[in-house]
Amino acid sequence: MGLPPNVTISQHPCLAAKLSQLRSASTKPRETKNLVHELSLLLATEALGRALTTTTRGSDTSHLGVSYPVTVATPGKIVLVPVLRSGLGMVDAFQTLLPEPVPVHHLGLFREKTTLQPVEYYNNLPTRSKDAAPPCDLAIVVDPIIATGGTAEAAIQTLRDWGVPRILVVAILASEEGITKAAMEGGGEGIEIVVGAVDAELGGKGGGMIVPGVGDIGDRDYKMDANTDLYEILGVTSAASKTEIKKAYHKAALSSHPDKVPVEERHEAEMRFKSVSQAYEILYDDDTRERYDRHGMAAFQAGAGPGDGAGVDLDDLLSQMFMGGMGGMGGMPGMGGMGGMGGMPGGRPRRQQRGADVQQEYEVTLEELYKGKTVKLASTRNKLCGTCSGSGGKEKAKPKKCAACSGRGWIQTARQVGAGLITQETVACGSCSGTGEVFRDKDRCKRCKGACVVEEKKVLEIYIPRGARAGERIVLEAEADEKPGFTTGNIVFVLAEKEHAVFTRSGADLAAPLHVSLAEALTGFSRIVLRHLDGRGIRVTHPAGKVLRPGQVLKVEGEGMPHKKGDGRGDLFLQVEIEFPKDGWTPDAGALRGLLPVVEHEDIVADPVDDVEYEDADMDDYGNEEAWEDDEEDDEGEGEGVQCAQQ
């Protein structure tokens, strides 16, 4: 087998034995995950041993009090780049062995099912300018399988474009053709590949699978197949509410918990428990339940982007991306043409997608937060046309499928971003505005002109409860724009507190300055010191004989902000600020000294004594004066320095 010199095949006997176990069709999902982690640990040990070196940096002291040199691994600036989704299973092994945790950046790459060309669908590498320093010294790409080599090659190209000077690729299994292609990308400069084993043949569906290989690691690691019925696992109907789903989960989890069964039944119970937990996680969340109702478990399998394993249906991938929150496009009418939306195993009747919320900031004063307030606001929004019920067409008129997007509501374009690397871009169809359907001009609704919505003006009322805080959200349900095929989103007001001239707030407590004269600080007072947020005057009586000092804080219990629940209130903290007389004040010094207590000062004896002058200053200036300045001229003419000789 003639491979490029920058390729290393592991010769570890334990790795060979564990890889043989991974190949077996009888290996279960849980065992697959464990084997991938164990194989990754063995490969990481070998790969990092080849890629890193050590150096000493400073010293430290041992528990015995003995100094020793500190050893560190270099290079120090490393990033991990798993290829989604299978590469994620290798990350923990590398993070375990590396001396310090390193950043992880993900690349989503899969092979288009007919051409086997790599398609990038996700990339979270931080942006950098061309003139910036390299983002790292070494990037470690982890992907269990290198089959045709296209995905590994594309990952290397992407990292080179990002500015990485040195790339280490680690895989569990590769084909001879694929690993050669990856190793020789760009001439192979700066590339090292460490692999557990190499199989000679490529075959299977489309010629893109390693033979005998290990199959698709991502699919093997997944616990449920596409026909799994999550509602059946929990024992509820597809119309169950969130409360019913939660109750069913608690009941099912309790009955299937591994700790509640005999030892011999524990493994089976553990699998049931995991199935119940996963069913609850998917069905209790509105977004993931929406995806499941449309596509079944296939929505969580296909399109997740295995590295160089099996091919992936692009329609499945794009549908998952839409369902995952790309602007709510997943609910566009007409998108049923996507792979798996209608006839996909486990698919269910479509539920309406939820429309986007509208969020805006609303400024309130501290007085309004203290007392509470009801506000009326004028609102203009889009409302479904009542004449056509939001269809856009006349009564009994039938829409036709949009020819531009074939009824999908979106169109797909391809853009080349590098040699052999194509990025798919998907945008809403402009011909049908994303609906997938169009009416002939003569069949359009006369009121909305085919737009499906009309403008509505109304008055909204929001209530700001007393004690509310900045950042709190006030939600007006179903008051956002209406859109065909969507449940209406909410209008969300986020409270922003205006700065107050007197009070500052922290939680339920208030703070304010307490301005007192020097005479009041020394002799006491009784007066109204401030106007509270509800207009009440706050009187403070400070007795004679208790001297106030600058910076002293007085706490008035129960005069802070009201609690939102109950009748409790926070506290008011008054920060003492003493107003001293201005310059030029000339009282009878003798009489004043006679009134004030005598302070005995220590007699300081010194010789000589300098009379100094002073000026007003600020402690911000403290430490800004250099203690000395280097004077290069003083060093000139001083000779060549002192020479010492050992005696």
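In which handedness of crossing does α1 pass α2? The crossing is left-handed, meaning the near helix is turned anticlockwise from the far one by less than a right angle (clockwise would be right-handed).

Before the details: this is a predicted model, where local features need pLDDT of at least 70 and side-chain atom pairs count only at pLDDT 80 or more, while totals for chains, interfaces and linings use all residues. Residues are numbered from 1 along each chain as its sequence is written, and side-chain values use heavy atoms, with hydrogens and water left out.

Back to the helix pair (DSSP runs of H or I, at least four residues, numbered from the N terminus). Helix α1 covers residues 13-23 and helix α2 residues 29-51; they pack at about 155°, axes 10 Å apart. Axes are lines fitted to C-alpha atoms over the stretch in contact, with angles from 0 to 180 degrees between N-to-C directions. So α1 is roughly antiparallel to α2, a label for angles over 145 degrees. On the α1 side, the residues include Leu15 and Leu22, which belong to a set meeting α2 residues such as Leu35 and Leu39.

On confidence, pLDDT (the predictor's confidence in each residue, from 0 to 100) averages 80, with 79% of residues at 70 or more. Two stretches fall under 50, with contacts meaning heavy atoms within 4.5 Å:

| Stretch | pLDDT | Contacts in the model |
|---|---|---|
| Residues 302-351 | below 50 | 161, beyond near neighbours in sequence |

Note on methods. Helix = DSSP H or I, 4+ residues; strand = E, 2+ residues; numbered from the N terminus. Parallel < 35°, antiparallel > 145°, perpendicular 65-115°, else oblique.
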